[in-house]
Amino acid sequence: MKQYSVVRIKRLKKQFEHSDLSVGTRAPRAGDVATVVDVYDDAFDLECSDDDGSTLWLELFRPDDADLDIVSI
């Protein structure tokens, strides 16, 4: 994973819950397209936005949390 790569979620292996502490308006779903915001040693932040650029969700993913397809690097 590289910063600013774009990925599509093929399948979630972890259930993400949206709460009052969450960034955005909902939890990640299979089929969502997201941008890699930051990369850490064992995780990465993904952000999914709507057509207006508003954040739908921003979550920390670990490699085993989902199956992802790289859309662009």
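Me: Phe-16 and Phe-61: buried or exposed?
Reply: Both are buried. Keep in mind that this is a predicted model.

Me: How do the rings of Phe-16 and Phe-61 pair?
Reply: They form a tilted aromatic pair. The centres are 4.6 Å apart, with 35° between the planes.

Me: Where do Phe-16 and Phe-61 sit in the chain?
Reply: Phe-16 is in the loop between β1 (6-12) and β2. Phe-61 is in strand β5.

Me: How many aromatic pairs does the structure hold?
Reply: Three. One of them is Phe-44 with Phe-61. That pair is stacked, at 6.3 Å centre to centre and 10° between the planes.

Me: Which parts does the Phe-44 and Phe-61 pair tie together?
Reply: Phe-44 lies in strand β4 and Phe-61 in strand β5, so the pair ties together parts that are 17 residues apart in sequence. Both residues are buried.

Me: Which residues form the aromatic cluster?
Reply: Phe-16, Phe-44, Trp-57 and Phe-61 form one cluster.

Me: OK, over to the sheet. What's the strand order?
Reply: β2-β5-β4-β3-β1-β6. Six strands make an open sheet, and the pairing is antiparallel.

Me: Which are the edge strands?
Reply: β2 (23-24) and β6 (66-72). Each of them pairs on one side only.

Me: What holds paired strands together in general?
Reply: Strands of a sheet pair through backbone hydrogen bonds.

Me: How many bridges are there between β4 and β5?
Reply: Six, in the antiparallel sense. Strand β4 covers residues 44-49, and strand β5 covers residues 55-61.

Me: Which residues in β5 stand opposite Phe-44 and Asp-45?
Reply: Phe-44 stands opposite Phe-61. Asp-45 stands opposite Leu-60. So Phe-44 and Phe-61 face each other across the strands, and their rings form the stacked pair too.

Me: What's in the turn between β4 and β5?
Reply: The two strands form a hairpin with five residues between them. Gly-53 is in the turn, and its phi is positive, about 90°.

Me: How many bridges join β3 to β4?
Reply: Four, and the two strands run antiparallel. Strand β3 spans residues 33-39. A hairpin joins β3 to β4 through four residues.

Me: What is the bridge partner of Thr-35 in β4?
Reply: Glu-47.

Me: Why does Ala-27 count as buried?
Reply: Because its relative accessibility is 16%, and the buried class is anything under 20%.

Me: What does Ala-27 touch?
Reply: Leaving out residues up to four places away in sequence, Ala-27 touches Phe-16, Glu-17, His-18, Asp-32 and Trp-57. Phe-16 and Trp-57 also belong to the aromatic cluster.

Me: How many residues apart are Ala-27 and Glu-17?
Reply: They are 10 residues apart in sequence. In space they are 5.7 Å apart, C-alpha to C-alpha.

Me: Last topic, the surface. Which residues form the nonpolar patch?
Reply: Met-1, Val-39, Ile-70 and Ile-73. Together they have about 410 Å² of accessible area.

Me: Where does Ile-73 lie?
Reply: Ile-73 is in the segment after β6.

Me: Is Ile-73 buried or exposed, and why?
Reply: Ile-73 counts as exposed because its relative accessibility is 76%. The exposed class starts over 50%.

Methods
Residues are numbered from 1 along each chain as its sequence is written. This is a predicted model: local features need pLDDT of at least 70, side-chain atom pairs count only at pLDDT 80 or more; totals for chains, interfaces and linings use all residues. Side-chain values use heavy atoms; hydrogens and water are left out. Two strands pair if DSSP finds at least two bridges between them. Patches are made of residues with over 30% relative accessible area and no salt bridge: like charges are joined within 9 Å, nonpolar side chains (Val, Leu, Ile, Met, Phe, Trp, Tyr) within 5 Å. Accessible areas come from the Shrake-Rupley method with a 1.4 Å probe; for residues, only the protein chains shown count as cover. A salt bridge is a side-chain nitrogen of Lys or Arg within 4 Å of a carboxyl oxygen of Asp or Glu. Buried means under 20% relative accessible area, exposed over 50%, partly exposed in between (1.4 Å probe, protein chains only). Rings of Phe, Tyr and Trp (its six-membered ring) pair if their centres lie within 6.5 Å; planes under 30 degrees apart count as stacked, over 60 as edge-to-face and the rest as tilted. Contact means heavy atoms within 4.5 Å.
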